[in-house]
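Hello,

Have a look at it first, then read on.

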Amino acid sequence: MAEDKGKRDSIGMSMKGGRTNNGFVQNEDILETDPDPGSPEDSPQHNAVDIFGPAEPDLKDVRPYAGMPKEVLFRFSGQARYRVPREALFWLTVASVLVLIVATIGIVAISPKCLDWWQAGPMYRIYPRSFKDSDKDGNGDLKGIQDKLDYITTLNIKTVWITSFYKSSLKDFRHGVEDFREIDPIFGTMKNFENLVAAIHDKGLKLIIDFIPNHTSDKHAWFQWSRNRTGKYTDYYIWHDCTRENGKTIPPNNWLSVYGNSSWHFDEVRNQCYFHQFMKEQPDLNFRNPDVQEEIKEIIQFWLSKGVDGFSFDAVQFLLEAKHLRDEAQVNKTQMPDTVTHYSELYHDFTTTQVGMHDIVRSFRQTMDRYSREPGRYRFMGTEAHGENIAKTMMYYGLPFIQEADFPFNSYLGKLDVPSGNSVFEVITSWMENMPEGKWPNWMTGGPDNDRLTSRLGKQYVNIMNMLVFTLPGTPITYYGEEIGMRNILATNLNETYDVDTLLSKSPMQWDNSSNAGFSEGNHTWLPTSSDYHTVNVDVQKTQPRSALKLYQELSLLHANELLLSRGWFCYLRNDNHSVVYTRELDGIDRVFVMVLNFGELSLLNLKEMISNIPTRVRIRLSTNSAYKGREIDTHAITLDKGEGLILEYNTRNLLHHQTAFQDRCFVSNRACYSSVLNILYSLC
Amino acid sequence: MEETSLRKRREDEKSIQSIEHKTTNLQKELGLFSGICIIVGTIIGSGIFISPKSVLSNMEAVGPCLIIWATCGILATLGALCFAELGTMITKSGGEYPYLMEAFGPVPAYLFSWTSLFVIKPSSFAIICLSFSEYVSAPFYSGCNPPQVVIKLLAAAAILLIITVNALSVRLGSYVQNVFTAAKMVIVVIIIISGLVLLAQGNTRNFENSFEGTKLSLGAIGLAFYNGLWAYDGWNQLNYITEELRNPFRNLPLAIIIGIPLVTGCYILMNVSYFTVMTATELLQSQAVAVTFGDRVLYPASWVVPLFVAFSTIGAANGTCFTAGRLVYVAGREGHMLKVLSYVSVKRLTPAPAIIFYGIIAIIYIIPGDINSLVNYFSFAAWLFYGLTIFGLIVMRFTRKELKRPIKVPIFIPILVTLLSMFLVLAPIISQPAWEYLYCVLFMLSGLIFYFLFVYCKFGWAQKISKPLTMHLQMLMEVVPPEEAPE
């Protein structure tokens with residue numbers, strides 16, 4: 001070998017290739033070129049076979065050998081034992097290309113529409129003033145949210161929903177927007193917002209924001225121009241002549257504002273009344289004016305081009321009012337008209353959900369669609385409709401051929417005051433049964449306008465409510481703090497003069513044991529922190545194996561990893577005053593989840609009665625009482641404590657939605673089946 | 001004799017990349033223009049369309065980002081010039097392989113071919129095909145990722161199709177390559193022109209204060225260079241066709257001096273185009289930058305971008321088939337691989353065994369879960385071999401003074417490029433040390449076991465296997481050692 005090497009070194013690469021060969025393949029050459037007359041495979045060919053091969057006629061008695069030239073090769077390669085496999089392999093390759101392409105097209109063709117980001121994971125709704133204070137002024141801000149994104153990712157959240165942060169003079173910072181294109185200084189700057197958007201996207205999260213198109217603040221420049229009748233702004237708001245007698249305004253009709261008293265307010269500058277659905281500081285925009293619609297569209301575009309992934313359109317049912325201004329009917333006909341001052345005392349047939357309102361919302365959708373074309377950048381649209389009945393709420397899902405909201409937010413669970421199996425069941429079924437086919441449900445346990453779960457239902461119902469929304473079909477939506485079971489603050493000694501009742505569920509997020517619950521390093525906070533923050537906070541619950549936070553994380557993880565929960569059928573089995581029982585199942589997966597949730601008092605359940613083929617013992621996948629996790633339970637007699645919930649799991653091939661008895665109790669948004677062999681979902685089933 | 005046969009092979013293969021394809025028998029048919037086309041066509045991959053953000057993410061501002069792109073272009077030119085000297089001095093095919101052989105002997109050359117043939121080249125072939133199929137199937141799965149099975153089936157189909165085409169006919173392969181290269185250049189030109197138009201219309205918002213927010217840490221700059229130079233990978237491609245160039249001593253350096261700056265120009269102008277419609281943050285967060293650009297600028301014709309990017313990807317995959325085939329061939333010839341791999345199809349005059357071998361390895365790579373990480377960890381090896389080769393150039397200035405050097409670059413250039421390569425090898429390892437680098441090194445060294453068993457010691461039993469194997473494969477595929485007409 002050394003000799004060989006030396007040879008090569010001296011000859012170098014520029015020499016004839018045949019000589020520089022070394023290694024085992026070279027040996028073939030050497031053998032071939034060895035002058036050994038006894039062997040037919042060398043002498044005639046020798047090293048010069050390539051050059052002299054064609055001139056050598058003596059090829060009669062050759063046998064094939066490694067490295068043979070084409071003259072030799074052609075004598076043998078035509079034999080059937082080489083030709084047939086050669087052609088077979090060739091056609092096999094061609095066939096497999098075709099088969100692969102056809103298979104790919106086939107799989108693509110039968111794939112169901114996949115879950116978009118707003119369907120794939122929970123939303124987390126943040127009231128920005130109370131989430132995290134980064135500048136020690138006692139008010140939460142955008143930078144604070146950015147600092148806590150890591151926490152949000154530990155919850156397996158997909159979408160961050162930040163409620164209104166526009167420049168506003170109202171203390172509540174929600175509804176009276178002074179400039180739709182500005183961030184209120186209390187929350188930071190536009191640069192802070194851009195950084196937050198970038199940081200959210202960097203973590204693979206999405207951001208949706210509130211937008212209240214119905215009205216502005218009376219400090220908004222448009223209103224100032226409008227009350228002075230400046231150019232096109234003259235009709236930006238709803239103005240109407242009204243008379244004044246003895247300093248008292250006589251409004252054009254009996255319409256009432258949501259907060260009570262007449263919804264007309266006399267403006268001395270313009271000497272007319274303007275209409276306000278909410279407070280007099282919040283004049284309603286005139287959506288019958290195309291200029292106003294154009295302005296709103298531009299604002300939507302402004303935020304979409306900032307990278308916002310979607311909007312929650314708030315209070316859209318108030319967008320239009322009847323042009324005829326007729327009085328609305330009283331609920332109690334016998335009541336004296338002068339004494340009708342509460343919003344609930346009228347039927348709002350002329351001030352809410354007017355004809356044309358949905359057209360406006362759909363035009364918002366069209367504006368957003370233009371920004372949804374980029375891959376992976378679908379822009380989500382949700383609507384918040386307060387106090388509407390279920391049929392009107394469902395209208396926001398749009399019509400079969402006209403897209404509107406992706407979903408109207410489902411706040412019915414947030415309005416549940418008394419926990420019971422029946423009432424929870426009613427909320428679930430009323431949504432599922434009224435929802436148009438193929439649409440996507442969602443479930444909110446609370447929000448800034450609701451009391452917190454702990455205060456509304458009781459501490460022992462926090463876990464079960466979280467378990468409920470994570471196991472129902474659709475997008476779970478969590479209001480900040482509900483994952484650790486925060487409670488309302490007490491209404492006493494609030495420094496704020498704004499409507500106190502609406503502030504109770506907006507107390508600072510409880511991060512840890514330090515002062516101000518880790519919310520702010522400042523001396524004071526805009527609302528007091530809840531007194532229970534030493535035990536109810538993120539830091540403590542992170543380390544407790546049985547905390548609400550831990551269960552929330554486990555539920556969220558289960559939701560993310562289990563096709564059963566994200567795409568499966570939902571079949572409800574039974575409800576009574578105490579408990580709700582339902583299953584999640586998917587064709588192609590031979591496992592079923594059974595959820596047994598007790599919203600009432602201690603009760604005993606017999607699952608065997610409800611599902612005939614359920615095994616006698618089933619696994620507990622998750623439980624509100626984490627001690628039970630992973631254990632088995634006897635399905636004849638399941639004892640459930642108050643507020644106890646179980647996710648049971650068992651194997652079966654006999655799925656409920658195939659059984660005629662259950663068919664009208666099962667729902668699925670987008671029908672799909674799972675193939676475990678290919679690990680794909682397909683819709684042909 | 002093999003040299004001439006090699007030339008014939010080159011002629012066969014060269015036409016794959018030749019823009020002006022003639023017949024397979026013509027020699028020295030590539031002019032300066034073709035040389036430039038090859039450089040531009042090979043270097044511009046699909047990266048600039050999908051994620052030209054690696055530089056920006058390290059610099060965080062538009063101005064420095066463009067400067068880095070330009071500097072990387074200059075560095076790539078310098079590297080290519082060193083390869084021009086090597087290519088005209090040692091006129092053998094196989095990229096770095098013959099240079100390493102000449103400068104350091106067989107072991108580094110063997111390790112290079114071992115690593116390239118078993119990991120770097122087929123895995124990048126597989127990756128390109130995977131990203132092609134991901135790209136093609138993405139529109140059918142808006143909102144989520146296409147299922148793995150779809151991506152893999154389509155990638156396997158693409159690999160099989162490409163190797164079939166290339167094994168069947170050089171002419172067909174070259175035709176495919178030319179069409180896709182043309183498609184790629186069309187979309188590059190579309191993006192650049194529409195960007196310039198937008199710029200002329202006054203969309204200069206994103207270029208104001210373009211140096212604001214620059215991160216000027218040494219580490220960030222280093223990483224930006226590292227990523228930027230990857231976009232220029234392929235600058236040594238012209239070495240594969242040195243021999244086919246007409247008047248190579250003039251055209252080779254000219255093609256490099258014109259071609260690579262042209263690529264640099266394309267890169268900078270495309271970045272400028274992107275910045276006319278996207279802020280730096282938007283560009284960083286776009287999943288496919290050119291598609292975002294198309295949506296904003298070319299609507300309602302925005303579909304042309306994904307279509308042409310898909311063409312560009314499949315063209316890139318087809319192109320890798322060509323160089324890898326050559327390397328297998330050379331290594332086979334030197335006895336570092338099964339000799340049958342260097343054989344040429346009798347009837348079709350294609351390096352069919354090399355291409356099929358390459359395709360089989362690539363298909364094996366697409367089967368397991370995720371090979372992206374594997375490729376990332378092995379990427380340092382590519383710079384290791386570039387650096388070693390160029391260091392070899394310096395070494396040979398002293399050990400091989402007698403060799404004719406028609407092109408002689410100033411000695412500071414190879415020294416600079418060697419230092420740069422050292423930096424590029426060490427930078428990722430130091431900035432993010434991981435055990436995987438060690439595994440990569442171990443894998444590379446494990447090649448030595450085979451080297452000593454089969455190449456150095458030449459065990460008899462190895463030949464008992466390889467000889468009949470070669471013979472039967474020869475007859476099965478109808479391939480023979482490269483022939484050549486007597487000179």
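Which residue in β26(A) does C571(A) stand opposite? That residue is C666(A). The model is a predicted one, in which local features need pLDDT of at least 70, side-chain atom pairs count only at pLDDT 80 or more, and totals for chains, interfaces and linings use all residues. Residues are numbered from 1 along each chain as its sequence is written, chains are lettered from A and ligands numbered from 1 in the order in which they are written, and side-chain values use heavy atoms, with hydrogens and water left out.

Around that pair, β18(A) and strand β26 (residues 666-667) run antiparallel and share two bridges; strands here are DSSP E runs of at least two residues, numbered from the N terminus, and two of them pair if DSSP finds at least two bridges between them. Strand β18 (residues 569-575) of chain A has five of its seven residues buried (under 20% relative accessible area, 1.4 Å probe, protein chains only). β18(A) also pairs antiparallel with β19 (residues 579-585) of chain A through six bridges, W569(A) being opposite E585(A). Three residues lie between β18(A) and β19(A) in this hairpin.

Chain A also has an open, parallel sheet of eight strands, ordered β15-β12-β11-β5-β2-β1-β17-β16. Its edge strands, each pairing on one side only, are β15 (407-408) and β16 (442-444) of chain A. Inside the sheet, β2 (residues 159-162) and β5 (residues 206-211) of chain A are parallel and joined by four bridges, and W161(A) has I208(A) as its bridge partner in β5(A).

Best wishes

Notes: Buried means under 20% relative accessible area, exposed over 50%, partly exposed in between (1.4 Å probe, protein chains only).
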